[in-house]
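Here's a quick tour for someone meeting this structure for the first time. Have a look at it, then read on.

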Amino acid sequence: MQTNTMFDTAAPACQKRSLQRLRQSPAIRHLVQETRIAPAQLVMPFFVSESETKRGRWEAFTNFAIGDLLTPLQGVVDAGVQSILLFGVPDHKTEQGIGAIENNHFLGDAIATIKARHPKLLVMSDVCLCSYATHGHCGVLDETGRFDIALTLERLAQMAVEHARAGVDLVAPSAMQDGMVSAIRSALDDQNLTETGIMSYSTKFASCFYEPFRDTAKSAPAFGDRRTYQLEPGNRQQAIRESVLDDQQGADMLMVKPAGPYLDIIRDIKNAIPNRPLAAYQVSGEYAMIRAAAEAGVLNEARAIEESLLAIRRAGADVIITYFAAQFANAIGNVS
Ligand code: PBG
């Protein structure tokens with residue numbers, strides 16, 4: 001049998017206690033803490049309703065009419081969070097989601113209102129057709145039920161241009177369509193919207209953890225699932241390749257989604273593409289698991305939030321999109 005010298009009882013006393021010495025007080029633990037999270041690294045998602053506010057099970061899953069959004073938004077800003085991500089939830093869907101471009105004034109108005117009130121706030125917007133189309137898929141379908149890729153890319157690019165004109169800082173395409181980043185970049189550049197950036201949902205898995213989001217954003221597919229375009233949960237090599245391609249197409253930021261169940265993928269992509277900011281999205285199902293477990297009295301909510309976010313940062317995410325953004329930002333400093 002081999003002896004492990006680190007834990008060998010014959011080792012000198014100084015070696016046996018060398019690690020615990022750095023854990024004996026909050027001050028020394030904080031001093032040598034390797035991973036930290038600042039409020040400025042968090043992004044808070046919000047759902048913008050075309051008409052009235054519809055409360056969800058938790059406030060994070062509420063569709064806010066723009067007038068009602070301003071109070072929670074102020075709370076986010078006061079907590080020190082400097083970035084938000086908006087999802088438009090229209091009253092009516094159309095067959096192929098053309099409303100995402102033609103009648104999407106409510107989202108444009110919301111962007112303009114938010115920017116007028118909080119000029120320094122970074123505003124991002126989701127670019128995808130699923131909430132706007134009756135079929136609930138993330139692009140335009142042809143008569144055989146497959147994506148019409150050319151038309152899909154055109155529509156996504158038009159949608160990005162509309163959001164950019166309304167004043168968003170970054171568009172966030174989440175449709176997992178091949179070629180979507182270069183199509184959006186060219187369209188923005190053609191319209192002289194060269195300042196608008198792209199945060200691509202570059203590595204997005206076909207995940208059960210989007211379920212609460214789909215209830216809120218009314219974006220569940222009417223038939224089938226998203227496995228023909230989103231990644232299979234077991235595929236590491238494809239996951240890296242997806243982000244590499246979006247990087248080459250000119251995405252300013254990349255993303256792994258969901259976050260917690262895919263920490264290894266976050267690390268792989270950070271290693272493969274170290275010079276691009278990487279975001280990770282702690283999605284609605286990850287949020288719901290923590291909230292529900294806390295409500296059932298089986299987890300301490302504040303500690304579960306902190307540990308889950310620290311793990312995502314430690315894995316390699318530079319930015320975390322999380323429904324806990326404001327709550328966690330408020331709690332930072334109170335944790336010992
Ligand atoms: C739309 C979209 C989804 C999410 C973000 N954008 C759902 C999906 O792809 O089915 C999920 C976000 C979350 O669960 O919090 N394409």
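What follows covers the ligand, its surroundings and the cysteines.

This is a predicted model, where local features need pLDDT of at least 70, side-chain atom pairs count only at pLDDT 80 or more, and totals for chains, interfaces and linings use all residues. Residues are numbered from 1 along each chain as its sequence is written, and side-chain values use heavy atoms, with hydrogens and water left out.

**Around the ligand**

- There are 19 residues around the ligand, and Lys204, Arg214, Lys257, Ser284 and Tyr323 come nearest (a residue is near if one of its heavy atoms lies within 4 Å).
- That shell splits into 11 nonpolar, 3 polar and 5 charged residues (Ala, Val, Leu, Ile, Met, Phe, Trp, Tyr, Cys and Pro count as nonpolar, Asp, Glu, Lys and Arg as charged, and the others, Gly among them, as polar).

**Polar atoms and burial**

- Tyr323 has a side-chain N or O atom 2.6 Å from an oxygen atom of the ligand.
- For Gln230, a side-chain N or O atom is 3.0 Å from an oxygen atom of the ligand.
- Lys257 puts a polar side-chain atom 3.4 Å from a nitrogen atom of the ligand.
- On its own the ligand exposes 400 Å², and the protein buries 100% of that (accessible areas come from the Shrake-Rupley method with a 1.4 Å probe).

**Cysteines**

- How many disulfides does a search of the whole structure find? The search finds 0 (a disulfide is a pair of cysteine sulfur atoms within 2.5 Å).
- Cys130 is in no disulfide, and its nearest cysteine sulfur, that of Cys128, is 3.7 Å away. Cys130 is buried, at 8% relative accessible area (buried means under 20%, with a 1.4 Å probe and protein chains only).
- Cys138 is in no disulfide either, with the sulfur of Cys128 as the nearest cysteine sulfur at 3.6 Å. Cys138 also counts as buried, at 1% relative accessibility.

Technical notes:
A polar contact is a pair of N or O atoms within 3.5 Å; within protein, one must be able to donate a hydrogen and the other to accept it, and residues adjacent in sequence count only if both atoms are side-chain atoms. Buried means under 20% relative accessible area, exposed over 50%, partly exposed in between (1.4 Å probe, protein chains only).
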